[in-house]
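This report describes selected local features of one protein model. Please look over the sequence and the structure before reading on.

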Amino acid sequence: MHRMSRRRAWLATLGISIAAALALTGASTSAPEKAPPPNPIRALANSLSKLSPAAREAKLYQGAKAEATLNWYTTLSRTIGPAVVKAFEAKYPGVKVNMYRASSEEVTARLYQEANAGTPGADVVETNGTELLFLQHRRNVVVPYRGSPYASAIPKTYRFDGWTGDGIEAFLIAGNTTLVKSGEQPKGWEDLADPRWAGKLSMEPGDVDWYAATYGILERKYLKSYKPKPTTAAARRAAMKKIDARIDRLFAAIAKNSQIISGHTTQATLLAAGQFAVCVSCHAQSIEALAKNHAPLTFKPFAAPLVIRAQGIAVAYRLQHPNAALLFYDWMLRKDGGQKALLDGGANPARPDMADPDLRGSSRFLLNLRPIVANFKHWADKYDRVIQLGSKGG
């Protein structure tokens, strides 16, 4: 079973409904909502609110040493997560980090199971913004928290009630330089539909948010060049119907050229091994980490706009180590802390003054999470039909 099918099952377990979608977009709904549990960090956060950053750090570190442990759930790659743990433990001796690293679906499922059972587990969670927005809506998984003084350095578009962006994920087209010579690289998404790429591409079955964002980019691109230019609402609807049919044909052709590989770390590893020549929506951090170790991989020249998605950090409702959790939360947003550890490991920090130099020169599109999450079933069903056209890989 493709990971897309597992994602749909996971979505069903979350109970995402029409009412949920309306709530995410700000529309009204008469569906009753359960009250969230008592905020487990309110008293601690209030006690920190008037302290200087140095005094805040000292107080949290003192409490964290007494707690001795931090339970961190993360989707960071195997090449980055352990380095983050090592850097934090070196900065704060006496606080041991227990890291649970898994896919975004697995991390989310585990958090939801803990919430259902009322059992403790994670203190802090780090995963992609799409999952975090779902978890925020559930109101009993991640704590509403905007109290870190270091969040002000993070762009407002990456700050939400239940989580703060600590990194960004850049989706891009990447290739194996042994299999794709200079001058032969794809020139854009349209080029990937060419039969010459048959069996030589890879798509990831869980990239619903990337697909939705890319679909929107192509709609705007094709509408801009559409002739004759539609001047009425009816003409625009007719034009969009033709444009969407064109985009559907494009994605179908790309999928027919693709091996379907679950997991971006696995995908990048197989790309380096030469199982296929081009990855359609690779994570930049996975490619950079392997290229740093001399794998024959590159994403330059950039073939298409980078689709940027926020990654974030949140506090779990059933945490057992609140001081360690807020200390880690602060540290992950600090320029000399987690932001540096992410950059050193090949990930992309959320702070704009620490932008990855390897991504300079690219055009970018910031993935707008709320409308995608609100219409997630539509995009998931649509992408699933695309993925079914590919061949099973891995």
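Cys279 and Cys282 are joined by a disulfide, with an S to S distance of 2.2 Å; a disulfide here is a pair of cysteine sulfur atoms within 2.5 Å. By this rule the count is one disulfide. The torsion about the S-S bond of Cys279 and Cys282 is about 115°, so the disulfide is right-handed.

The model is predicted: local features need pLDDT of at least 70 and side-chain atom pairs count only at pLDDT 80 or more, while totals for chains, interfaces and linings use all residues. Residues are numbered from 1 along each chain as its sequence is written, and side-chain values use heavy atoms, with hydrogens and water left out.

The table lists relative accessible areas. Buried means under 20% relative accessible area, exposed over 50%, and partly exposed in between, with a 1.4 Å probe and protein chains only.

| Residue | Relative accessible area | Class |
|---|---|---|
| Cys279 | 0% | buried |
| Cys282 | 0% | buried |
| Asn348 | 2% | buried |

Asn348 lies in strand β10 (residues 348-349). Helices (H or I, at least four residues) and strands (E, at least two) are DSSP runs, numbered from the N terminus. In sequence Asn348 and Gly167 are 181 residues apart, but their C-alpha atoms are 5.5 Å apart in space. Contact means heavy atoms within 4.5 Å. Apart from neighbours within four places in sequence, Asn348 is in contact with Gly167, Ile168, Ala170, Ala284, Glu288, Asp356 and Leu359.

Helix α10 covers residues 264-273, and its buried residues are His264, Thr265, Gln267, Ala268, Leu270 and Leu271. Among the elements that cover these buried residues are β2 (96-101), β4 (164-176), β5 (201-203), β7 (278-283), α11 (284-292) and β8 (297-298). Just after α10, Gly274 has a positive phi of about 90°.

How do helices α8 and α15 pack, and at what angle? Helix α8 (residues 208-224) packs against helix α15 (residues 376-387) at about 95°, with the axes 9 Å apart. That makes α8 roughly perpendicular to α15, a class that runs from 65 to 115 degrees. Axes are lines fitted to C-alpha atoms, for helices over the stretch in contact, and angles run from 0 to 180 degrees between N-to-C directions. From α8, Val208, Trp210, Tyr211, Ala212 and Tyr215 meet Phe376, Trp379, Ala380, Lys382, Tyr383 and Val386 of α15. The residues of this contact divide into 10 nonpolar, no polar and one charged. Ala, Val, Leu, Ile, Met, Phe, Trp, Tyr, Cys and Pro count as nonpolar, Asp, Glu, Lys and Arg as charged, and the others, Gly among them, as polar.

Terms used: Parallel < 35°, antiparallel > 145°, perpendicular 65-115°, else oblique.
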